[in-house]
Amino acid sequence: MTSPARGLSAENIRSLLADTSPYLSCDDCFARLDEYVERTLADPRHQDAAMQAHLAGCGACAEEAETLRELLSHPST
Amino acid sequence: MTTVNPTTPDVVPPLGDDAWLAALTDGGGAGHQALARLREVLLRATRHQVWRLRDLLPGAGAGELEDLAQQAADDALVAVLRRLGTFEGRSRFTTWAYKFGVLHAGVAVRRQAWRHREVPLPDTLTLVDTGPTPAAISEATQLARAVEAAIATELTPHQRRVVLALLVEQVPIDVLADRLGSTRNALYKTLHDARCRLRTALTDSGHLQIRTDRSTP
């Protein structure tokens with residue numbers, strides 16, 4: 001398929017130019033996600049540059065991180 | 001839609017991580033009980049994720065959403081048991097298990113949402129003639145034009161298709177991976193490399209300033 005995409009919105013440009021370094025793969029993000037979310041809930045100042053860069057650049061992983069954060073914020077187990 | 005309401009309370013008291021691992025590796029009744037309990041933990045995660053993403057499935061009723069959550073919990077249970085030996089205790093066991101439920105439910109909802117949709121794979125952008133504009137808009141337009149030019153000249157055809165599908169057409173990354181016979185990992189690496197090329201080109205042309213408080217490509 002070679003039909004053109006839509007023109008760029010400001011949000012498109014922000015996402016296209018996102019700085020996603022240092023690189024972290026989706027698999028590595030998944031491997032660290034549970035620990036990262038627990039740590040950031042315990043200390044909102046917790047820093048993990050690779051995780052933060054990945055979550056800023058990968059919508060699916062960011063969405064999963066937010067869901068996990070919600071689950072842990074309202075524990076019932 | 002109370003069937004998938006994520007606030008459904010659990011009725012079992014919490015287990016410690018060691019107790020979880022011991023019970024799940026028990027071949028007897030304790031093992032069966034632990035499996036059932038783990039599935040309840042996973043179902044809480046999958047229901048929550050399906051509930052969060054329910055707007056992606058506007059025609060789905062409570063029953064269909066519950067079916068998705070139940071199927072995702074089954075898939076997540078298999079995944080957790082297969083990876084049980086990799087649990088290192090860097091988080092609580094239930095947190096570690098939750099992420100499998102969240103992953104499988106998210107993938108299931110996005111696949112369902114795109115099941116009958118064509119996945120657009122454009123290799124060019126539509127250039128919009130904005131005409132005379134105020135200065136601020138003109139500056140934004142110049143940046144957009146520079147980005148469009150960099151997409152056309154700096155990216156490989158594969159990078160261009162992946163970038164436009166993911167970031168402009170908003171195709172979910174796991175849906176695109178399915179359609180291209182690729183993986184989420186591979187597509188994200190393509191996206192990362194493409195972003196590096198775009199940032200370098202835009203920096204070289206003076207449209208993007210390098211920040212010194214972050215690493216740069």
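Select B:K189, which is partly exposed at a relative accessible area of 33%; by the convention used here, buried means under 20% relative accessible area, exposed over 50% and partly exposed in between, with a 1.4 Å probe and protein chains only. This is a predicted model, where local features need pLDDT of at least 70 and side-chain atom pairs count only at pLDDT 80 or more, while totals for chains, interfaces and linings use all residues. Residues are numbered from 1 along each chain as its sequence is written, chains are lettered from A and ligands numbered from 1 in the order in which they are written, and side-chain values use heavy atoms, with hydrogens and water left out.

B:K189 and B:D193 form a salt bridge, with the closest N and O atoms 2.9 Å apart (a side-chain nitrogen of Lys or Arg within 4 Å of a carboxyl oxygen of Asp or Glu). Both residues lie in helix α8 of chain B, four residues apart, about one turn of the helix. Helices here are DSSP runs (H or I, at least four residues), numbered from the N terminus.

Next, select A:E63, A:E64, A:E70, B:R52, B:R110, B:D174 and B:R184: salt bridges that share partners join them into one network.

**Over to chain A**

Select A:E66 and A:R69, whose salt bridge has its closest N and O atoms 2.7 Å apart. Both sit in helix α4 (residues 59-73) of chain A, three residues apart, about one turn of the helix. A:E66 counts as partly exposed at 28% relative accessibility, and so does A:R69 at 33%.

**Across the chains**

Which residue does A:E35 pair with in a salt bridge? Select B:R90: its closest N and O atoms with A:E35 are 3.9 Å apart. A:E35 lies in helix α2 (residues 26-42) of chain A and B:R90 in the loop between α3 (62-82) and α4 of chain B, so this pair joins two chains. A:E35 counts as buried at 16% relative accessibility, whereas B:R90 is partly exposed at 47%. Another to pick out is A:E38 with B:R92, at 3.3 Å between the closest N and O atoms.

Now show the whole interface. 58 residues of chain B are in contact (heavy atoms within 4.5 Å) with 47 residues of chain A. The count between chain B and chain A is nine salt bridges. Helices α2 (29-52), α4 (93-113), α5 (135-154), α6 (157-168) and α8 (184-204) of chain B each supply at least two residues to the side that touches chain A. Of these, α8(B) gives the most, with 11 residues.

**Last stop: the rings**

Switch to aromatic side chains: a search of the whole structure finds seven aromatic pairs over all chains (rings of Phe, Tyr and Trp, its six-membered ring, with centres within 6.5 Å; planes under 30 degrees apart count as stacked, over 60 as edge-to-face and the rest as tilted). Select B:F87 and B:F93, an edge-to-face pair, 5.4 Å centre to centre with 90° between the planes. Both B:F87 and B:F93 are buried. B:W96 counts as buried at 5% relative accessibility. To finish, select A:F30, B:W20, B:F87, B:F93, B:W96 and B:F100, which ring pairs link into a cluster.
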